[in-house]
Amino acid sequence: MKIMVIGSTGRTGKYVLTQGVKRGHEITAFARRPDLLADRAGLAGVHQGDAHDLETVRRAVQGQDAVIAAVGGSQIAATLITAMHEHDVRRVVMTSSRSVPATRPRLAVSLAWLFFREAYADLARAEGMLQVSGLDWSIARATMLNDKPPAGRVHIDFEANATGGAMQLSRADYAMALLDTVEDPALIGKALGICGPR
């Protein structure tokens, strides 16, 4: 697949790039600061730009088969939806947080929303925009991310509250799950909860 990765210099995005290349995909990096790309080996292309800027996203999306947004938000969702429709690019996977729909554990969720209310509200808006976009969307809601070595597996469910797995998830494993998701047509129209393995 030809896959554009938004947020490709971020702590999760860099793993999506390297793992995507290893899987044989034609990976295009999209970043505000492409000079921060540690390794460009095997990349099909690099686009410099802000994902909030429609014209830049239009140019980068053209000719792609799919987009993985390793950063989420309503402004990014808005530009992606418009640009992808214009260029008939259907498949999109966007990152989000398990805390957006969660109701348990009540104390932890309440504290998370207390400190990150604006960010979570924006992610909720982005999720809603994708869900009515008409695109082949998936939303990947992660638990707490860390930089530990990958386990090579994750726990996935489709519920508001986690049904298993660990609350900590390595970014490398999250990247693996994002690529698994974009490759799997059975996950179109699904919001996945992604946890670390037990």
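Modeller: Asp 157 and Arg 98 are both buried, where buried means under 20% relative accessible area, exposed over 50%, and partly exposed in between (1.4 Å probe, protein chains only). These two residues form a salt bridge in which the closest N and O atoms are 2.8 Å apart; the term denotes a side-chain nitrogen of Lys or Arg within 4 Å of a carboxyl oxygen of Asp or Glu. The pair links distant parts of the chain, 59 residues apart: Asp 157 is in strand S8 (residues 155-157), and Arg 98 is in the loop between S5 and helix H4 (106-131). Helices (H or I, at least four residues) and strands (E, at least two) are DSSP runs, numbered from the N terminus.

The model is a predicted one, in which local features need pLDDT of at least 70 and side-chain atom pairs count only at pLDDT 80 or more, while totals for chains, interfaces and linings use all residues. Residues are numbered from 1 along each chain as its sequence is written, and side-chain values use heavy atoms, with hydrogens and water left out.

Side chains of opposite charge can pair when their charged atoms come close. A search of the whole structure finds eleven salt bridges. One of these joins Arg 90 to Asp 136, with 3.6 Å between the closest N and O atoms. Arg 90 lies in the loop between helix H3 (74-86) and strand S5 (91-97), and Asp 136 lies in strand S6 (residues 136-142), so this pair ties together parts that are 46 residues apart in sequence. Arg 90 is partly exposed, its relative accessible area being 31%. Asp 136 is likewise partly exposed, at 24%.

A further salt bridge brings together the side chains of Arg 171 and Asp 147 (3.2 Å, N to O). This pair, too, links distant parts of the chain, 24 residues apart: Arg 171 belongs to helix H5 (residues 171-183), and Asp 147 to the loop between strand S7 (144-146) and S8. Arg 171 counts as buried, at 10% relative accessibility, whereas Asp 147 counts as partly exposed, at 45%. Both residues also belong to a network of salt bridges that includes Arg 11.
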